[in-house]
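Biologist: Please show me the model. I would like to go through the terms used for it and what stands behind each.

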Amino acid sequence: MPDTSPTPGFLLSFEGSEGCGKSTQIRLLRERLEQSGRKVEVLREPGGTEIGESIRHLLQHSKEGAAMTPEAELLLFAASRAQIVREKIRPLLEAGVFVILDRFLDSTSVYQGHARGLPLDAVNAINRFAIGGTLPQLTLLLDLDVQTAWQRIHATGRELDRMESQPPEFFEKVRQGYLHLAAAEPQRIQVIDANAAPEAVHEVVWARVAAKLA
Ligand code: TMP
């Protein structure tokens, strides 16, 4: 039975392509929420649990990952999500915590569905099974053009992971996939222009969150 009952906490997810500034925005929002007296927990996907972190390693950096099929990739992301929803997210929401997710089900729809090209009905069904009704009340999509995002990733000078090493066309599909989802679910998924300075983007993030909490 899906769990759709309202909880005392709040569930917010951040989405966006590599280089969109998600980590910075999550840090700034966390600080501001804590200053306002809220208990905040940040969880990342894939990962966030012991099982999930092992899956993250398999997906991102292990040499076995090189031979991974898109179907296996989809199911591994879903497995990590099924675990974090039940082990962490639901208990935190019950305890009244403001939970910030660094990626959630929309990443799967976009990366495995729109970008890898797996059938969207299968991806959506697997997503639904993994979350079992635990949907974010708000999803903030940090939208950035592919060229700027590409420059930001390459400017770090660090070694790129399996997904970051995809060609620019892949990230164009990711961007368009996200915009498509946001158009289909405008109440939940709100698009934020991530091209401005981090402080300016944060003010928009804060305004969107405050409007939901009011
Ligand atoms: P990141 O958390 O550092 O952005 O890395 C996660 C990577 O995994 C990123 O390239 C997006 C990708 N990803 C998927 O392809 N599907 C998913 O369901 C999730 C959560 C992430």
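Modeller: D143 counts as buried, with a relative accessibility of 13%.

Biologist: Why is D143 called buried?

Modeller: Buried means under 20% relative accessible area, while over 50% is exposed and in between is partly exposed, using a 1.4 Å probe and protein chains only. D143 has 13%, so D143 counts as buried. This is a predicted model, in which local features need pLDDT of at least 70, side-chain atom pairs count only at pLDDT 80 or more, and totals for chains, interfaces and linings use all residues. Residues are numbered from 1 along each chain as its sequence is written, and side-chain values use heavy atoms, with hydrogens and water left out.

Biologist: What joins the side chains of D143 and R175?

Modeller: A polar contact of 2.8 Å. The term covers a pair of N or O atoms within 3.5 Å; within protein, one must be able to donate a hydrogen and the other to accept it, and residues adjacent in sequence count only if both atoms are side-chain atoms.

Biologist: Which distances separate polar side-chain atoms of E18 and R56 from an oxygen atom of the ligand?

Modeller: For E18 the distance is 2.2 Å, and for R56 it is 3.5 Å. In the side chain of Q60, an N or O atom is 3.1 Å from a ligand oxygen.

Biologist: What makes up the shell around the ligand, by class?

Modeller: Six charged, four polar and three nonpolar residues. Asp, Glu, Lys and Arg count as charged; Ala, Val, Leu, Ile, Met, Phe, Trp, Tyr, Cys and Pro as nonpolar; the others, Gly among them, as polar.
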